[in-house]
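Subject: Structure handover, salt bridges

Hello,

Here is the structure I said I would pass on.

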Amino acid sequence: MTEDFALKVEGLVTNFYTYEGVVLALAGVDLFLRRGDTMGIVGETGCGKSVTARSILRLVEPPGRIEQGSITFFDRDRETNEIAPIEILDLEEAEMMDIRGNKIAIVFQDPATFPNPVFRIGTQIAEVIMLHQDLGRAALEVKIEELEVNLDKTEGDRRNKIEEKIEHYKSQLDTPPEPDDNDKKAAAWKLAIDMLKLVKMPAPEQVISQYPHELSGGMRQRALIAMALSCNPAILICDEATTALDVTVQAQVLNLLNELKSEIGTSIMIITHDLGVVAETCNWVNVMYAGNTVETAATEEIFETPMHPYTMGLLVAVPKLHETKERLDQIRGSVPNLITPPTGCRFHPRCDFVTEICKNDRPRLRELKPGHWVACHNPQGGS
Amino acid sequence: MKLRDFILRRIVLAIPVVFGVVTITWFLAYIVGDPVSMYITERTPDAAIPGIIESHGFNEPLPVQFFLYITNLLQGDWGTSTSTATDAPVLDIIAQRFPATIELALLSMIIAIILGIPLGIISATKKDKPVDHITRIFALAGVSMPIFWFGLMLKYILFFQFKAWGLPYLPSSNRYNIQLYDHVATTGFILIDSLLVGDIRLFFDALRHMAMPAFCLGYLVLAIITRMMRSSMLEVLKEDYITLAKSKGLTQRIVVYRHALRNALIPTVTVIGLAFGGLMTGAVLTETIFNWPGLGRWAVRSILQSDLAGINGFTLLVALIVVTSNLVVDLIYGTLDPRIRFG
């Protein structure tokens with residue numbers, strides 16, 4: 001393994017134990033995210049995209065449970081560049097808390113319901129910062145800045161005192177003392193404003209002390225992204241982060257994500273059912289169907305030579321501007337009930353290329369071409 | 001500024017409510033009992049009766065009498081209560097007895113809130129665990145038991161039986177031990193008065209006397225708060241913003257007590273406000289059972305003896321308290337939930 005991965009998920013199985021029966025939501029999801037990549041996870045509603053995202057952060061709520069598989073997070077030390085693989089499913093809850101929001105952050109789907117309605121935007125961003133970051137230096141910087149503002153206003157003897165103080169604080173910058181709570185808050189607040197500026201929030205100084213209901217959907221989504229980015233996570237998961245937005249705002253947010261990626265070096269995982277979003281922003285695609293990874297390859301490869309019948313169907317189903325059609329193309333049948341999923345390959349009842357083996361044996365993900373993995377018994381060599 | 005406007009508007013809006021309550025009570029009270037009977041005993045000569053009727057204005061048409069009552073009310077004269085040993089102005093009686101009632105009501109409210117909110121939270125966070133089951137049974141018992149029955153049972157066990165068994169028992173009547181202590185009312189609240197004069201023993205004696213009636217009165221509210229807190233907490237814990245809070249890496253404690261609690265308190269506060277009005281009704285029963293020298297007992301006697309001024313005065317006071325507590329609830333609401341902040 002010479003490639004530089006940020007995250008590797010193998011054979012992930014997550015079940016939900018409901019009254020109707022056990023929902024086999026994820027039945028062996030495999031995916032990998034290279035460092036610095038933007039990977040798209042596509043699939044129909046209910047195919048397990050969001051459950052995968054939540055499983056990675058171990059945020060699956062009861063009655064859901066992660067049953068087996070491995071999720072390896074390759075933690076790169078920012079200074080030494082040493083990479084330490086961390087098995088997420090083996091971590092203690094306390095260690096997991098150190099990863100959530102800090103190393104792996106998530107932006108959720110619905111900007112209307114995810115921000116806490118009773119707290120100011122700033123409080124919600126500063127909270128993450130205070131939790132995960134060492135604010136010693138930032139707190140000192142805030143203090144120095146304040147003093148410098150005062151310095152301009154005062155004259156005479158007191159000027160010297162303030163200058164002395166500034167010097168004193170500056171000498172501490174490299175080995176900052178543990179700041180007290182108020183200093184921490186001030187520093188986190190200031191960093192929160194910086195985060196809002198980073199996500200191009202208009203008027204960040206005002207927005208920071210506003211409540212979520214006072215903002216528009218797009219602004220709230222930006223605030224959520226700011227929250228997720230505030231600790232420079234190694235991996236950012238966007239769970240349908242743009243689905244609830246207007247197309248214009250969506251484009252802005254996606255551009256923003258791409259810019260941010262180069263700015264803070266985050267690997268991004270975009271979960272969506274919008275192939276347009278994938279084509280525009282991702283360089284790697286992971287296609288999921290009914291709790292399985294069915295195909296994964298570079299974006300161009302997938303769009304040009306899809307090999308799995310499902311991916312092909314998915315691409316054909318996208319309406320094209322230059323074609324006139326009576327009926328839009330679709331994949332026949334519908335998403336299976338995951339309490340009683342089809343045997344063998346879960347796609348076989350809807351597949352045009354189904355053979356006997358598909359009904360009994362579940363295909364594994366195989367690398368059929370260099371850099372192109374498909375889980376299918378009858379891959380369609382790429383048309 | 002905006003807050004002041006809000007309060008002013010609410011006060012103006014409360015006027016029709018209070019007026020409605022006074023009107024309905026006044027006419028109802030008139031239908032139910034004959035006020036003249038208060039002034040007549042077996043020994044009153046028949047010939048004197050028309051004079052009594054006339055001197056109290058009972059011969060006037062009803063609307064005129066009602067108009068006179070309202071006019072007097074607006075001038076600060078709530079009428080004369082005839083159900084006490086010596087006839088006394090209603091306002092004087094209220095001034096004298098109100099502290100005992102409100103002290104009891106406040107203490108039971110404090111007990112209910114201090115116990116109810118944490119119990120509700122624990123019950124919700126430990127859903128379907130033994131703690132939850134016990135709490136739910138405890139709360140169910142509270143909403144199911146009538147106050148008068150519960151009060152009698154408390155008194156029977158904690159006073160009569162404990163005394164009979166030679167165990168330390170709780171006193172069953174009065175606000176403090178009249179034989180041992182002197183109480184000079186300054187604020188009227190014994191717990192505060194005793195601390196003001198530095199009489200710690202009176203303070204604890206009063207607390208001991210208050211324990212049973214306060215718990216009896218507060219248990220229902222405690223149960224209501226617990227149930228409400230549990231259900232709203234469970235509701236809130238399913239919300240998306242809780243998932244977001246968890247995804248930030250916050251501990252379960254902070255997620256529950258910072259992110260969920262404030263949202264879950266919003267419906268609970270409404271219930272607390274409504275329950276405070278209910279406490280005044282409960283006080284009538286509790287004070288009767290525990291021989292508490294408060295407004296409740298006076299109200300019961302007023303009703304039994306067709307003391308119109310007493311009935312109307314008590315109802316008006318309760319109406320004012322309910323309106324005020326609703327206003328306070330709305331103010332607390334605003335601080336909890338920025339979406340309904342005024343202005």
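Predicted model: local features only at pLDDT ≥ 70, side-chain atom pairs only at ≥ 80, totals over all residues.

Over all chains, the count comes to 18 salt bridges.

A:Arg34 and A:Asp37 are joined through their side chains by a salt bridge, with N to O at 3.9 Å. Is A:Arg34 buried or exposed? The relative accessibility of A:Arg34 is 16%, so this residue counts as buried, the cut-off being under 20%. A:Asp37 has 14% and therefore also counts as buried.

The next pair is A:Arg350 with A:Glu44, a salt bridge whose closest N and O atoms are 3.4 Å apart. A:Arg350 sits in the loop between helix H12 (309-316) and helix H13 (356-360), while A:Glu44 sits in the loop between strand E3 (38-42) and helix H1 (49-56), so the pair ties together parts of chain A that are 306 residues apart in sequence. A:Arg350 is buried at 7% relative accessible area, whereas A:Glu44 is partly exposed at 21%.

The last pair is A:Glu93 with A:Arg58, where the closest N and O atoms of the salt bridge are 3.3 Å apart. A:Glu93 belongs to helix H2 (residues 93-99) and A:Arg58 to the loop between H1 and strand E4 (64-76), so this contact links parts of chain A that are 35 residues apart in sequence. A:Glu93 is partly exposed, with a relative accessible area of 38%.

Regards

Conventions
Residues numbered from 1 in each chain as written. Chains lettered and ligands numbered in written order. Heavy atoms only, no water. Salt bridge = Lys/Arg side-chain N within 4 Å of Asp/Glu carboxyl O. Buried < 20%, exposed > 50% of the residue type's maximum accessible area, 1.4 Å probe, protein only. Helix = DSSP H or I, 4+ residues; strand = E, 2+ residues; numbered from the N terminus.
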